[in-house]
Amino acid sequence: MKITKNTLATLRNTCLGLSFAALTGSAQAVDLEVTHWWTSGGEAAAVAEFAKALNENTEHNWIDGAIAGSGGTARPIMISRILGGDPMAATQFNHGRQTEELIDAGLMLDLTDVAEAEGWKDVVNPTSLLDSCTYDGKIYCVPVNIHSWQWIWLSHQAYKDAGVDVPSNWDEFVAAAPALQKAGKVPLALGGQSWQSSGAFGVLAIAIAGMDAWSAVNVDKSAETAAGPEYKKVFEAAVAARELAKGSNVQDWNQATNLVITGKAGGQIMGDWAQGEFQVAGQVAGEDYTCLPGLGVNEVISTGGDAFYFPKLKDPAMESAQKELAALMMSKEVQVNFNLKKGSLPVRGDVNLEAANDCMKKGLEILAGGNILPDVNQVFSSDTADQINDLMVEFWASDDVSAEDAQNRYAEIIADAD
Amino acid sequence: MDDKTLNSQKNKRPTRLTRHLNAKIASVPMILTAVVVFVGCSVWTIVHSFTKSRMLPKLEFVGFKQYDRLWSTKRWLVSVDNLLIYGICSLIFTLVIGFILAALLDRKIRFENTFRTIFLYPFALSFIVTGLVWQWILNPDFGLQSLVRETGWSSFTFDPLNNPDIVIYGILIAGLWQGTGLIMCILLAGLRGIDEDIWKATRIDGIPIWKTYLFVIIPMMKPVFITALVLIAAGIVKVYDLVVAQTSGGPGLASEVPAKYVYDKMFLAQNLGQGFAASTMMLVMVFIILIPYLYLQYGGKRHD
């Protein structure tokens, strides 16, 4: 009994104290809870740049809502919180079509006035990033970085052990593969998760089928092109790549990257986030590893990435704080600090990244040259992307699926895509 | 006397509703939960499985389109196949191994408590932990295979988790390791419920022990076996976390299961309609299991 009474008293006091604080506290300073799925070392350091900027430049507080696991784990949690009436102040998504329905349901804050005041239209490069944030002519998100998929990472160590030169494009890579296999190495490291198979296929498609065929299938959803001769070559190349990937026996992408870092595998097709792993391992681009954008064939990069969305909140003080954060994320200084830590490219064309390494500079050059493509998240709905993932993970893992069979099923998915 | 009892019975009859009133009031929350949560939500799910709901549930009906797509999707077909293989093997092996262990423990051996604890212990672990443990044990580079190879047998190959043809058996091993202990305990309790006199009688008649088990004891334990059966069946249909922890559905699609399809379609693919259609099919599967059980449990009694 005594304990209960004490507990009750404590509770009452706490409640009093809290309401007191709420009454006397300034109406301006608020806590902004921001959810995201950046939990690895480099990613967490990058997020800390946002938090620092908010805490130092405004009177608001950054409450970090990191959700461990990848986007696949985090997105359902974020979406159910927004739908369930417990929205956070800001949340990460991959910009594109993942949030279409949330915006449609009126759950997201319109940022058009901030965008106009800050002149985002003039500074965001490429403009497609801002287009992905635009829905019915209004802007709903802040793009913060550009990540591209079209890279192959090659281990100098592995090729030295096998006694062959480091390849400079996909054809040389395939030609050098037997030497690697002789030396007991896996030519192509590939993790078992479905998004990796489907990403690797996408990269092969751009490199082999070329830009026009790729756009016809991915942007215009032409099932005819997907079933056509250009894509036939892609599927045949993928069958060859499937042979080269045998023996990887790992699940996560960073385990596969680690095979390249340690010289157990020749190369890996992976997005530019793999760079962080090489950096952490203390390797230098050009000396220990080589990166080839577009597999050294078609030097293009896709411009997907991360963006922050701001769910609608009732409190007007919160709303103005959300808009302050939005403006801050796009500011020059924050863009540079954040992207250097993250290893991604900034969304503004007018900032200077002198500290960038070789691979990042290659990416910036391609970006400046305008050789860019939309990202999978921007062209396909989650449903279509998931169907392609299912097909690709089966295709890459099992010899039973022939190139022809896979191509037919791929064309069917494209025909139904929306 | 007779008249009086009849009268009093007549007086009580209208109050049938108020008989056992306390018990009825007490069960109202449970009834509400059952009706609203189980039945209500099931109906809601089934109705929405006929719509084209994506991230948000919408009542735009598309007929059987979601089911058409479901049954023409390779991944779903593989999932159902896997569930069948896993289900049948798991049912047979859990019961057989569980019963053999229980029968051995029942032979009044020494350290019975110790053995029982050891066998039941895996049940205290969650499926996620079980899955991870077995992922490590079955890993060819530092698990069982490398251990055997170190002893000199260098051609030994046991790598189920990376072979699409047998991966489901790798999962089955972990499932059996986790679940057999509980079934053993339930069957052991059933064995303890058998009257000592029956054993004495069979001994006098000179019936061998294995025959006694097979033809006398097991038929007497029918209710216990039905309980065990339902527990195993429920565990089979909902198998999810074990797969996620061990293989996350791989290699390729080789170890996908229906529950994982439902989750992935609902939350990763943001296609509620497709997920609902798949979960409705899972409900149908549960009914297919449940109906023979209900018949066994209650159907037979009517003839008594």
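At what angle do the axes of helix H19 (residues 382-397) and helix H20 (residues 403-416) of chain A cross? The model is predicted, with local features requiring pLDDT of at least 70 and side-chain atom pairs pLDDT 80 or more, while totals for chains, interfaces and linings use all residues. Residues are numbered from 1 along each chain as its sequence is written, and chains are lettered from A and ligands numbered from 1 in the order in which they are written.

The two axes cross at roughly 175° and come within 10 Å; axes are lines fitted to C-alpha atoms, for helices over the stretch in contact, with angles from 0 to 180 degrees between N-to-C directions. H19(A) and H20(A) are therefore roughly antiparallel (angle over 145 degrees). Helices are DSSP runs (H or I, at least four residues) numbered from the N terminus. H19(A) contributes Thr384(A), Gln387(A), Ile388(A), Leu391(A) and Phe395(A) to the contact, and H20(A) contributes Ala406(A), Arg409(A), Tyr410(A) and Ile413(A). Residues are in contact if their C-beta atoms, placed from the backbone, lie within 7 Å. By class, this contact has 6 nonpolar, 2 polar and 1 charged residues (Ala, Val, Leu, Ile, Met, Phe, Trp, Tyr, Cys and Pro are nonpolar, Asp, Glu, Lys and Arg charged, the others, including Gly, polar).

Between the chains, 18 residues of chain B meet 17 residues of chain A. On the chain B side, H4 (74-105) and H13 (258-268) each supply at least two residues, and H13(B) gives the most, with 3 residues. That side divides into 8 nonpolar, 6 polar and 4 charged residues.

Chain B comprises domain 1 (1-48) and domain 2 (65-303), with bounds from an automatic or database domain assignment. Their C-alpha centres lie 37 Å apart.

Notes
Two residues are in contact if their C-beta atoms, placed from the backbone, lie within 7 Å. Angles under 35 degrees count as roughly parallel, over 145 as roughly antiparallel, 65 to 115 as roughly perpendicular and the rest as oblique.
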